[in-house]
Amino acid sequence: MESMFGFQSQRRRMSFDSLKRLGHISPAVQSHLKHASPSSDCFACFLSTCKNGERPHLTSNCLQVYLTLCSALAFSALGAYLHIALNVGGTLTTLGCLAAIAFLISLPPSQDHQRNRFALLMSAALLQGASIGPLLDLVLHFDPRILVMAFVGTAIAFGCFSGAAILAKRREYLYLGGLLSSALSILLWLQFAASIFGHSRTTFTFELYFGLLVFMGYMVFDTQEIIERAHHGDMDYIKHALTLFTDFVAVLVRVLVIMLKNAREKSDEEEKKRKKRY
């Protein structure tokens with residue numbers, strides 16, 4: 001019993017020490033993360049203030065967060081609303097989103113192009129929101145609570161996985177890049193095969209859950225890759241915010257589809273039970 005309590009106290013001490021340890025993330029990288037990710041911003045501020053024993057002041061940091069990732073999410077929500085109100089989402093918005101992303105990546109990350117690249121990021125987010133608008137419209141007509149629960153769950157998962165990547169040792173999760181790339185290629189080949197031979201219920205379920213696992217892994221990998229790139233001088237926070245935005249939306253869409261699928265199956269079962277009673 002004493003050994004068990006000693007082990008638990010040692011684990012708590014190790015976790016608290018890991019929160020105070022800042023040697024693997026330089027101050028410049030912490031400042032860069034404030035632009036790239038909300039969870040990274042909160043952790044960087046918390047870690048830096050824990051060392052000095054000061055209370056965290058998150059106001060200025062949150063402003064930087066809303067200018068990048070949260071701004072993109074807000075524009076994405078606006079795009080989804082525009083589809084619900086005007087029915088603008090579809091193939092054209094998807095192609096427009098891809099074109100905006102390609103144009104953003106082609107521009108060099110210089111001070112002269114910063115406003116243009118930021119505008120392209122918001123445009124891509126707006127078009128992305130309009131593209132997933134039909135799914136959101138379907139969810140809202142079925143049960144609006146699904147959308148709220150899916151978004152909150154995705155945000156919590158994003159914060160947890162990004163936080164795990166930040167608190168981990170430097171380059172600890174970069175090995176996941178090869179595994180995740182292979183898993184993503186498997187998903188692409190499955191989509192290609194399904195377009196030729198047709199979808200089955202089993203392959204659709206596998207693609208949903210496997211894709212969710214893959215993009216949750218990308219949350220960890222991309223966060224640590226952003227840290228590593230920032231250590232080497234790559235402070236392109238707009239491109240990094242785009243990467244995290246893509247991960248967030250990919251996870252959110254799959255969570256929405258899974259929750260909608262389960263809710264429909266549950267309602268169908270309840271409907272069958274009612275018919276049997278009468």
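The largest nonpolar core takes in 47 residues, and Leu121, Phe245, Val251 and Leu256 make the most contacts inside it. A nonpolar core here is a set of buried Ala, Val, Leu, Ile, Met, Phe, Trp, Tyr and Cys residues joined through side-chain atoms within 4.5 Å. Helix 5, helix 7, helix 8, helix 9, helix 10, helix 11 and helix 12 each put in at least two residues, with helix 12 supplying the largest share, 15 residues. As for Leu121, setting aside residues up to four places away in sequence, its partners are Leu104, Ile238, Ala241 and Leu242 (contact means heavy atoms within 4.5 Å).

A word on the basis of all this: the model is predicted, with local features needing pLDDT of at least 70 and side-chain atom pairs counting only at pLDDT 80 or more, while totals for chains, interfaces and linings use all residues. Residues are numbered from 1 along each chain as its sequence is written, and side-chain values use heavy atoms, leaving out hydrogens and water.

Overall, the protein comes to 12 helices and 0 strands (DSSP runs numbered from the N terminus, with helices being H or I of at least four residues and strands E of at least two). Of its 278 residues, 37% count as buried; buried means under 20% relative accessible area, exposed over 50% and partly exposed in between, using a 1.4 Å probe and protein chains only. Among contacts between residues at least 6 apart in sequence, 82% join residues at least 24 apart.

An unreviewed UniProt entry places the feature "transmembrane region" at residues 65–84, 90–107, 119–140, 146–167, 174–197, 203–221 and 241–260. UniProt positions follow the numbering used here, feature names are shortened, and annotations may be inferred rather than shown by experiment. Residues 90–107 are 89% helix and 0% strand, with end C-alpha atoms 26 Å apart. For residues 119–140, the figures are 95% helix and 0% strand, and the end C-alpha atoms lie 29 Å apart.

The largest pocket holds about 940 Å³ of space. Pockets were found on a 1 Å grid over the protein atoms alone, as open sets of points where a 1.4 Å probe fits, with protein on both sides within 12 Å along at least five of seven lines; lining residues have an atom within 4 Å of a point. Grid points are joined across faces, edges and corners, and a volume is the space filled by probe spheres set on the points. Of the 34 lining residues of the largest pocket, Gln128, Phe215, Thr246, Ala250 and Arg254 sit closest to its centre. Helix 12 again comes up, giving the largest share of this lining with 11 residues. By class, the lining has 19 nonpolar, 8 polar and 7 charged residues (nonpolar being Ala, Val, Leu, Ile, Met, Phe, Trp, Tyr, Cys and Pro, charged being Asp, Glu, Lys and Arg, and polar the others, Gly among them).

The second largest pocket has about 260 Å³ of space. Its lining runs to 14 residues, of which Ser76, Ala77, Leu136, Phe151 and Leu252 are closest to the centre. Helix 5 gives the most to this lining, with 6 residues, and the classes split into 13 nonpolar, 1 polar and no charged residues.

Finally, Leu184 is found in helix 10 and counts as partly exposed because its relative accessibility is 27%. Beyond its neighbours within four places in sequence, Leu184 is in contact with Phe215 and Tyr218. Leu184 and Val214, 30 residues apart in sequence, are 7.0 Å apart in space, C-alpha to C-alpha.
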